[in-house]
Amino acid sequence: MIPKTFKEVIDLGNGKTISLETGKLAKQAHGSVVVRMGDAMLLCTVVSSHKPSTMDFFPLTVDYREKFAAAGKYPGGFLKREARPSNDEILVMRLVDRALRPLFPSDYRYETQVMIQLMSHDENVMPDALAGLAASTAIQLSDIPFEYPISETRVARINGEFVINPSRAEIEEADLDMIVGASEDSVSMVEGEMDEVSEEEMTEAIKFAHEAIKIQCQAQRRLAEAVGKKETRAYETTGKDEELEAKILDAAYQKCYDIAKESLGKHERTEKFGEIKEEIKGLFTEEELEEYGKLVGKYFDSAQKKAVRDLTLKEKVRLDGRQLDEIRPIWCETDYLPSTHGSSIFTRGETQALATVTLGTSREANMIDTPTNSGEETFYLHYNFPPFCTGEAYPIRGTSRREIGHGNLAQRALKGMIPEDCPYTVRVVSEVLESNGSSSMATVCSGTMALMDAGIQLKQPVSGIAMGLITDGEDYAVLSDILGDEDHLGDMDFKVTGTENGITACQMDIKVKGLSHEILINALKQAREGRLHILNKLTETIAQPNADVKAHAPKIITRTIPGDYIGALIGPGGKNIQELQKASETTIVINEVDEQGVVEILGTSQEGIDMVLQKLDAMLFKPEKGSVYEVKVIKILDFGAVVEYVEAPGNEVLLHISELAWERTNNVTDIVNLGDIIDVKYFGVDPRTRKEKVSRKALIQKPENFKKPERKNDNKK
């Protein structure tokens, strides 16, 4: 017997709906829901342990997986089984985690796992736009403590109109594509890419998405009420001691305030704060520390945070002594690495990124094969964040989710500025060498300069900046180019990239409720001023892209040939193309597009590239009837000479002995010899022999009183 189910339907307009259904699947989970849009179906479950964790942070895991069976596909590779998550799946996990994590109680320490699975795919539905809605709904159907429902939705602008949850095909036509996370009251997360849009246009898109999210949050409430809203579970806390908290605040606040005001460097400031913390611990006996040790550390951190925030709000002074809108000192350098195809260093304060560019053919494109997306990227960016960049030592176990997320943000910031006719596959790698502030924005800046150094003709250079916000509900301070500490203690962290014309990408995490659009637009405008300041530093270092690639970098030429000629160029078993690559010292890649062969020739030597081009020209050469051509004698036969066109080596034709001269010719060598270069006239295909006909004698004046030689009698019948 099929169990009773409960369902809510959300109308998105334009014939699009989303349904939320519970009661049929995964009933042993603490909360479960099936979210459906079109034929796309996501199953989301949430489970939270009833035993507290020993960790001093909230152990939340958000997992998103796309099943290949959902799209009627097999997993690629040798093992036909889903394994580690793809980059796309990890990016969705990050999107959902960032929206959910702040809404669990700050003292909740129970291991919690949110699992979202794509069970059925619809090519007209982007499942990442439904993942946040699914996660929040599953939590609403559970007894897990959570502040209020949220949702995430995609908004795109297509032909000047905002659209909620567009298809992948529609996104191709959009000049703005964002995922917005919010509750009914306030926006909490924004991430997206744009085609140089203004701050006002971006804000309007956020407003539009928020209106759709309000409806989705209300649907979650209705579904939970229909099922029977569960009473929120009771849980153990670490306890609270208001007297102890007041004692530590009194003892530490002013000292932390004074240190924050000294405008010290990161390490010196950390050391002095550490000394104050030890002094505070000295106020307690060993027995008291044994009992209250964790609370002492927690309350000291709160006192330190309050002191730094108050300093910024009251005196408009920051930890390192800068003004609110002041950017740290910047220095840049290009062409630093002699063997790379392009390189640059970008250093801003205590943050440094070294970027490299590598140029290749379409063979080096990044192949994408997931249940929901197949294709390739001819521009991609990788970001590395080693432990030494923050003065730490810890084991490296593969690429972290953070590295994937930050690299993707920088890639989206730059990819729109790569010209459509760029013949190369371009890979940018950012090595973060120092970090105290936004290394992803440093990656955008170093990546821009490295691309220009490599000779990639960017449409516009791109810069990026990380902004912060501190507010007490009445007053607020927007901080440009935030430090790592300011990111930790602030109420909003948002990163904005763009050209002088507008925004190309953004990533925002907003920690305060009810942030006004006025504050948001002011923060974006201050970010624009900072972006342009940084952009000016980049263009002072390299004003425009180098006119050509470096001497040691490969040059690429693209040529199109008829599809019928592809086989001839490749040769039996690849013999022809392999010999040509070896002789010319080039790499030749052939792709068949629309029944045409697109030939990519990559090499460092222009002579080698020219050799391949000559081969192509010769292969495609077609003489015109009635035209005169210069030919070279390459073989002598009894009945004529084999000649090749000088302008198309390899293209051969027989010059018959009867076409050498008007007079009777007994021996070919009486007229021409090997290596001779002569002129011939092309007559097309001879209808009698059905072979191409050329003539030397047609270019020679016919002798006076010329008598056509008599043909020998042939007695054979």
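**Sheets and helices of the predicted model**

Five strands form an open antiparallel sheet, ordered S27-S26-S25-S28-S29. Strands here are DSSP runs of E with at least two residues, helices are runs of H or I with at least four, and both are numbered from the N terminus. Two strands count as paired if DSSP finds at least two bridges between them. The edge strands are S27 (652-656) and S29 (692-695), each of which pairs on one side only. From one strand to the next, the twist averages 50°. Axes are lines fitted to C-alpha atoms, for helices over the stretch in contact, and angles run from 0 to 180 degrees between N-to-C directions. Within this sheet, S25 (residues 628-637) pairs with S28 (residues 677-685) in the antiparallel sense, over five bridges. Lys632 stands opposite Ile677 in S28.

The structure is a predicted model, in which local features need pLDDT of at least 70 and side-chain atom pairs count only at pLDDT 80 or more, while totals for chains, interfaces and linings use all residues. Residues are numbered from 1 along each chain as its sequence is written, and side-chain values use heavy atoms, with hydrogens and water left out.

An open sheet of three strands has the order S22-S24-S23, again with antiparallel pairing. Its edge strands are S22 (555-562) and S23 (587-593), each pairing on one side only. Neighbouring strands of this sheet are turned by 20° against each other on average, direction ignored. Seven bridges join S23 to the antiparallel strand S24 (residues 596-603). Val593 stands opposite Gln596 in S24.

Among the helices, H1 covers residues 87-100. At 1.5 Å a residue (times one less than the number of residues), its 14 residues should span 20 Å, and the end C-alpha atoms are 20 Å apart, which agrees. Twelve of the 14 residues are buried, so H1 is largely enclosed by the rest of the structure. Buried means under 20% relative accessible area, exposed over 50%, and partly exposed in between (1.4 Å probe, protein chains only). The buried residues of H1 include Glu89, Arg94, Asp97 and Arg98, along with Ile90, Leu91 and Val92.

The axes of H5 (residues 242-260) and H7 (residues 286-315) come within 8 Å and cross at roughly 45°. That makes H5 oblique to H7. Angles under 35 degrees count as roughly parallel, over 145 as roughly antiparallel, 65 to 115 as roughly perpendicular, and the rest as oblique. The contact of H5 with H7 has 17 nonpolar, one polar and five charged residues.

Note on methods. Ala, Val, Leu, Ile, Met, Phe, Trp, Tyr, Cys and Pro count as nonpolar, Asp, Glu, Lys and Arg as charged, and the others, Gly among them, as polar.
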